[in-house]
Amino acid sequence: MRFSSYQTDGFYDEMFQTDDVPRPQARLLLETIQSLSDGQLLRSKVAAERLLLQMGITFNVYADSAGTERIFPFDLVPRIIASEEWTWIERGLEQRIHALNEFIDDIYHDQKILKDGVIPAEVVLSAASYRPQCQGLDPPRRIWCHIAGIDLVRDGNGQIYVLEDNLRVPSGVSYVLENREVLKRTFPQVFEGLSIRPVNQYPSRLLEMLQTLAPAGASDARAVVLTPGVYNSAYFEHSFLAQQMGLQLVEGRDLVVSGGVVYMRTTRGLQRVDVIYRRIDDDFLDPETFRADSLLGVPGLMAAYRAGGVALANAPGNGVADDKVIYAYVPAIVRYYEGAEPILHNVPTYLCWKDSDRSYVLENLDKLVVKAANESGGYGMLVGPASTRDEQRAFAAKIEAHPRNYIAQPTLSLSRVPTIIDDHFEGRHVDLRPYVLYGKDIYVLPGGLTRVALRKGSLVVNSSQGGGSKDTWVLAKPLNGSSLPAEATR
Amino acid sequence: MSGSNPLLSRVADSLYWIGRYIERADSVARMVGVNLQMMLDLPAENTGQWQALVDTGGDTRVFRERYGPASQESVIRFLVFDRENRNSMAVCVNVARDNARSVRDTISSEMWEQVNRLYLLINSTRPDSLTADSLPEFFHRVRTECHLFQGLTDSTMSHNEPWNFLQLGRAMERADKTTRILDVKYFMLLPSLSDVGTPYDDIQWSAVLKSVSGFEMYRKRHGRMVPDRVVEFLLMDREFPRAVHHCITGADECLHSITGTPTGNFSCAAEQWLGLLRSELHYTRAETILSSGLHEFLDGLQVKMNRIDTAIMENFFALGHDAKAAAQSAGSRQR
């Protein structure tokens, strides 16, 4: 397969400056791919898919008949990020997560930012993810967002924007690790001559972070991973992370709370649990505090948490900062808490609760992307240019009925990466979800998950809607040849 | 006991059943494979052998209701591919995989991938695609994949408490299967006194041994094919891995490793029943069993093994953990 007929079609391409001029960071990789014998790439692709199936790296499809599992499509052509750009993204993410954490802590304590009028109080207090039950809570080290996945996109001008802050139970990091593993096993040639920052230290970093949360005095603290169970679409990731960290994977029914302490049910009776990396939404965490009909959670867990008997990551209530209306205020939040301009930009956002914004949105539904404030996974969304008149009318009615629940953004022309389609390369739109850990300090996993919209022209990258993924390479050395400090290149 | 992490009751339960189900799938593959071979050696009118295979699994009634008279095709469909038969090979493998998936963090990746490979093999095989010449190869492959799982379990997972629950499940399943095969076959083969000493007798007893992979080892131990010696070998042999005595001894040792109780003592009902059965097998002679009734003895074995199975469940998997139990352990923070 060759790139000679590859076309960027006027989009920003992560690998090509123009149709036949590669970007400097992609040159070596493209040469390697071009030098492969005929059919080699497709053979590697088949091998990679077979490997994913054999390793059982599959996700469950809810809407499908019971027990249907699919592999998350994986494209062999990696996405490359130059080291200088990554350094800048990393600093931006650190700043943003630090500010968001300060914001959450403030909201559940003094609410200074509301008193100072930076954000209207009703916007925050009306957020579906605001939890009055968390008011006054002091999580260990006052950290609320221990694990975050921040969605970044690049538009037609090459500008990077934050699209969403996923602070509650972000998923996908296991694919980052497995994609690298699969690529190394099936297509080792492409790594030759390049120095790429490794990703496999993530489980150690995560474990270290979880252990720093243990209540004081528990020197041999026990951390566990809490999953909704095998039928959850991210179950593979839950078991993978537990296994990689050497922690026990537990379900709600394995845990019991007594006297402000959480125990797990073992063959040798009840054993104390100190830290829970929970992959269950707030709503289902504890039927005594949140949704009473939850069968997945642990009755009394919040009381134990409040009493300091157990640490939870992420902290319940932190979703207030990833509400899509509050998202529009993040630049203001960064300025307020950090006293500095935000490094990473927001996509301009129209808030439908504001009369002026709403009338603009309603008049321009065919041009905008409209999102429900509290949805994720590509649900509850209208992509204006791709929508019909009827869909627009239906959305207009929803917006009029619940203005607080909707925001709108201009339709971004997402950047593209060459992707194997049948027997040739075509550009496909991508996003990037880097993962950020916040414990003793803030750690950003180099790269993150590149999701790719495999359908021609589609801008929706979610796995539930025809998305796939790519390995994401952060080059260890700047292109001018001078190397980074040893720490970063190990 | 070692200082390793405590094991969740739910996980112990799943491990025990992975052990049982992989062994059960292996048994089905072995028994059907052996039967296919044996049928080639027997006179064409000898059709009872396929029915016997169904009887061994204990699903005679269900089979008759759904399929009628037993034939090679219907029995293979029922024992191997039938999703409605909870003991079919396909169901065993699917359940084993579901269990493995739920404890994927506890077992090694190699073990998980192996269960997954077995699952993909069986689920990608259509019953009607198997022809007379590909059937033996199919069952051989299933058995190899099952053995690979056993080998990986032995070599990629620490021999700790979770491992012991896997082995316990496997040992209990083996004891159960050997008992059932013997019960069905002994009474099928004995009445045909006219066959005694004929080649058919030899073929059929050899098949019984082959269906527990015991033919060669029996020859080394006892030589000639003598029904009573076969019974003795399958029940009492101290060295053959599928002999009931060997399985029960192995199960007892697993259980003692799990609890940390010295052999000869017991700390729970499961250990007590298992220990009783172990010593009964230890101090009983094959001649006594045969003279006082093999069927009665095997029936008794089944009852005892069921009681042990239930006790294992109650003692380890279904611990009553109410708030009172929590309050009791609150004082002693065990690690």
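This is a predicted model: local features need pLDDT of at least 70, side-chain atom pairs count only at pLDDT 80 or more; totals for chains, interfaces and linings use all residues.
User: Two residues are in contact if their C-beta atoms, placed from the backbone, lie within 7 Å. How many residues of chain B are in contact with chain A?

Analyst: Residues are numbered from 1 along each chain as its sequence is written; chains are lettered from A and ligands numbered from 1 in the order in which they are written. Chain A brings 28 residues to the contact with chain B. For chain B the count is 31 residues.

User: Which element gives the most to the side of chain B that touches chain A?

Analyst: Helices (H or I, at least four residues) and strands (E, at least two) are DSSP runs, numbered from the N terminus. α1 (9-41), α5 (89-102), α6 (109-123) and α16 (323-331) of chain B each supply at least two residues of that side. The top contribution is six residues, and the element is α16(B).

User: How many residues of that side of chain B are charged?

Analyst: Ala, Val, Leu, Ile, Met, Phe, Trp, Tyr, Cys and Pro count as nonpolar, Asp, Glu, Lys and Arg as charged, and the others, Gly among them, as polar. The side of chain B that touches chain A holds 14 nonpolar and seven polar residues. Its charged residues number 10.

User: In which element of chain B is confidence lowest?

Analyst: Chain B has a mean pLDDT of 88, with 90% of its residues at 70 or more. Helix α12 (residues 244-259) of chain B is highest, at 96. Residues 321-335 of chain B fall below 50, and this stretch has 22 contacts beyond near neighbours in sequence. The lowest mean is 39, in α16(B).

User: What ipTM does the predictor give the complex?

Analyst: Two scores describe the complex as a whole. The pTM is 0.87. The ipTM is 0.79.

User: What is the radius of gyration of chain A?

Analyst: Chain A has 15 helices and 25 strands. The globule rule (2.2 Å times the number of residues to the power 0.38, with the radius taken over C-alpha atoms) gives 23 Å for 490 residues; chain A comes close to that, so it is as compact as a globular protein of that length. Along the principal axes, its C-alpha atoms fill a box of roughly 70 × 60 × 50 Å. The radius of gyration is 23 Å.

User: How far apart are the centres of domain 2 and domain 3 of chain A?

Analyst: An automatic or database domain assignment sets the bounds. Chain A splits into domain 1 (16-197 + 329-344 + 419-489), domain 2 (216-309) and domain 3 (350-410). Taken over C-alpha atoms, the centres of domain 2 and domain 3 of chain A are separated by 37 Å.

User: Which residues of α8(A) are buried?

Analyst: A residue is buried if 20 or more other C-beta atoms lie within 10 Å of its own, exposed if 12 or fewer, and partly exposed in between, with C-beta atoms placed from the backbone. In α8(A), 10 of the 11 residues are buried, so the helix is largely enclosed by the rest of the structure. Just after α8(A), G246(A) has a positive phi of about 70°. The buried residues are Y235(A), F236(A), E237(A), H238(A), S239(A), F240(A), L241(A), A242(A), Q243(A) and M245(A).

User: Within what arc do the buried residues of α7(A) fall?

Analyst: Helix α7 (residues 202-211) of chain A buries Y202(A), L206(A), M209(A) and L210(A). They line one face of the helix, judged by the directions from the helix axis to the C-beta atoms. Their cover includes α6 (173-186), β8 (223-227) and α8 (235-245) of chain A.

User: Is D422(A) buried or exposed?

Analyst: D422(A) sits in the loop between β20 (416-421) and β21 (424-433) of chain A. Its phi is near 55°, a positive value in a residue other than glycine. With 6 other C-beta atoms within 10 Å, D422(A) is exposed.

How values were computed
pLDDT is the predictor's confidence in each residue, from 0 to 100.
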